[in-house]
Amino acid sequence: MELQSTNSPFNQEQAELLNRLLPSLTDTQRIWLSGFLTAIGGSASAGANPAASAVSQPAAAAPAVAREATVLYGSQTGNSHKLATKLSKKLTDQGVQTTLSSMSDFKVNGLKKVQDLFIVVSTHGEGEPPDNAIAFYEFLHSKRAPQLDDLRFSVLALGDTSYEFFCQTGKDFDKKLEELGGKRLVPRIDCDVDFDEAATEWIAQVSGALRESASAGAGVATAGAAAPAAGAAAEESEYSRSNPFQAEILENLNLNGRGSDRETRHVEISLEGSHLQYEPGDSLGVIPQNDPELVDQLIAAMDWRADELVTVSKSGEERGLRDALLNHYEISTLTKPLLTAIEALTSNADLCDLLAPGGEQELKEYMNGRDLLDLVQDFKMKGIPAEPFVTLLRKIPARLYSISSSPRANPDEVHITVRAVRYESHGRARKGVASVHLAERVESGDKLPVFIQQNTSFKLPENPDAPIIMIGPGTGVAPFRSFIADREETGASGKSWLFYGDQHFSTDFLYQIEWQRWLKDGALTKMDVAFSRDTDQKVYVQHRMLEKSGELFRWLQEGAHVYVCGDEKKMAHDVHQALLSIIEKEGNMSSEQAAEYVASMQQQKRYQRDVY
C-alpha cells in the first residue's frame with residue numbers, strides 16, 4: 001500500500017519520504033525500527049522533540065510483544081540432539097529468545113506457557129519414542145495434557161524407511177499437538193537415514209517463518225537480549241557425517257577364539273589430525289562399502305555397463321556405475337517407498353500387485369531378508385536403464401558403533417567392537433554391509449570414512465564417586481570397556497559392576513584379560529558372567545541380575561547408575577523386566593511403584609540405554 005496524506009496520519013511530505021524509505025528496508029531493519037518506535041512511543045514526554053529522543057534512546061530497546069521459542073528433542077543416538085542444537089543456535093543468532101531442552105528435562109507443567117514449540121524426535125524400535133522422550137510422550141497423550149490453543153509448533157521426525165513404523169513418534173507428536181489446539185507454523189518433515197538435506201530445509205523453513213511473523217507483528221527480541229541456548233555444542237571439527245574423516249586403520253583383530261561360531265572384530269582407528277573429539281558413551285559413525293560381489297551380480301543381472309556414468313547427487317555429480325553402487329547407493333535393503341518408486345518407473349504389473357492395498361503383510365514378508373538383486377531377478381527387470389533406476393536408491397546409511405576406548409587412555413585413537421553378520425536367506429548367503437566390510441576387506445593401513453556421533457543420553461555420572469552397574473552381553477560390552485578405561489585414567493572412586501554374557505567362556509569372552517586386570521587393580525569392582533551355551537539350561541545376564549537381586553537393589557539405593565547396551569528387541573526388554581522385578585521384590589513395592597521408581601531413575605539420568 002502506498003501512503004498518502006488522505007489514508008494515513010502523515011502529511012504529504014512525510015508520506016513521500018516513507019514511501020521512498022520503506023521498500024528499501026531489509027527484514028532486520030524493519031524489525032529494529034518497529035521495536036525502536038515501540039520503545040520510544042511511551043517514553044517521550046509531552047512536547048519532546050522526537051528527533052532528539054531518537055538520538056538519546058539506546059539502540060537495542062526490547063519490543064513489547066516478543067515471543068519465545070522452545071526446542072525439545074527426543075534422541076536415542078544423538079542425531080535429534082545435534083539437529084535441535086543446530087536449530088536453537090540459528091534461532092538465537094537471528095534474535096529469537098530460545099530454550100533448548102531434552103524432553104526428559106522439560107518441565108511439563110510449563111507447556112501451557114510455551115508459545116512456539118519445535119520438536120526434533122527419532123523413532124525407536126517398532127514405532128516407539130526414544131527413552132528420553134517417553135515421559136513427555138506419555139504426558140502429552142494423557143488426560144493431564146492441557147489445551148494449547150495459543151501454541152504454534154512444528155515437528156522434525158527422524159526415522160528409517162526400512163522399518164514398518166517410519167517416523168511414527170514424530171507423526172504422533174504432530175497429530176497430538178494439533179488435537180490439543182496447536183497450529184502448525186511449518187509442516188512436519190519426515191527424514192530417512194540420510195537426513196541432512198531434509199533437516200536443513202526444515203530448519204530454514206522454521207527460521208524463515210519466525211522471521212516473517214516477527215516482521216509482520218514486530219515480535220522478535222533483539223539479538224543482544226537473546227539468552228544463549230542451553231547445551232550449545234562446543235566448536236566442532238570440520239569432519240562430520242556429511243564430510244567424514246578418512247581415518248587410518250591401526251589394528252583389526254578377531255577377538256573370538258578358534259572354534260567359535262562368531263567373529264568379533266576389535267578395530268583400532270587413528271584420529272590423528274582430524275580434531276575429532278569424543279567421550280565414553282559416544283558412537284563412531286562408519287560409512288561402509290557394499291559387497292563387490294553383490295555389486296557385480298546386480299550389474300550383470302540388469303545388463304548394465306560398469307563404467308556408465310550415473311548421477312549421485314542433486315548437484316549433478318557423476319560417478320561410474322560400479323563405483324556408485326559400491327560406495328554411494330544402498331542395495332542391501334528393500335523398503336516400501338523404494339518398491340513404490342520402482343513400480344512407478346517400470347509399470348511392472350507383478351510389483352503393482354505386491355504393493356496393492358490389503359497386501360501389507362505379504363509385502364512385509366517379501367522384503368524381509370531380501371535385497372535389490374532379489375527384486376530385479378524376481379520381477380524380471382533386466383534391461384531397465386541404469387540412470388533412472390539407481391537414482392531412486394537412497395544413499396548408503398552410516399552405521400553407528402558404540403566406542404570401546406577412552407580418549408584419555410588412547411589419545412588420537414578410537415576403538416570399536418564389531419560382530420560380523422553372515423546368514424542364509426531365500427537360498428543365498430547374506431552378509432552385513434558394514435560388519436563384513438570391516439571383517440573381510442579392511443586391513444591395517446587402509447582408510448575408512450568415519451565421524452563421531454555424540455550421545456548425551458549415555459554418559460558416565462558427573463559425580464566420580466557414584467556407583468555404576470553395566471549390563472552388556474556380546475558386543476554390548478563395548479562402551480563399558482570405554483567407561484572403565486576412562487574411570488581408571490581419571491581415578492574415579494565409585495564402585496562398578498559389570499554383567500556380561502555370550503555363548504562360550506572358552507571362545508567368546510571378549511576382552512577377558514582386560515576385565516581380569518581391572519578386577520585385580522580395582523578399577524572394576526564386580527563382574528558377573530553368563531555363558532548361555534556352556535550349561536544345559538541357557539543362562540543370560542538377566543538371570544545373573546535376579547540371582548544378585550538383594551545386592552543390586554542396595555546399590556540402587558546407594559544411588560547407582562544403571563547402563564544397558566545391546567540388542568533392543570530381546571535382551572534390553574528382558575533386562576528391563578528383571579530390573580522391575582528386583583525393585584518390586586527387594587523394595588517391597590507394587591508393580592506400579594516399581595515402574596515409578598524406574599521412571600524416576602530415568603528422570604535423574606540414572607537409567608540409560610544404548611540399544612539397537
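Analyst: Here is a walk through the salt bridges, pair by pair. This is a predicted model, in which local features need pLDDT of at least 70, side-chain atom pairs count only at pLDDT 80 or more, and totals for chains, interfaces and linings use all residues. Residues are numbered from 1 along each chain as its sequence is written, and side-chain values use heavy atoms, with hydrogens and water left out.

Side chains of opposite charge can pair when their charged atoms come close. The whole structure holds 42 salt bridges (a side-chain nitrogen of Lys or Arg within 4 Å of a carboxyl oxygen of Asp or Glu).

Start with Lys89 and Asp93. Their side chains form a salt bridge at 2.9 Å, N to O. Both lie in helix 4 (residues 79-93), four residues apart, so about one helical turn separates them. Helices are DSSP runs of H or I, at least four residues, and strands are runs of E, at least two, numbered from the N terminus. Lys89 is exposed at 53% relative accessibility. Asp93 is exposed too, at 52%. Buried means under 20% relative accessible area, exposed over 50%, and partly exposed in between (1.4 Å probe, protein chains only).

Next, Asp502 pairs with Arg419, with closest N and O atoms 3.0 Å apart.

Last, Lys548 meets Asp528 in a salt bridge, the closest N and O atoms being 2.7 Å apart. Lys548 is partly exposed at 26%. Asp528 is buried at 11%.
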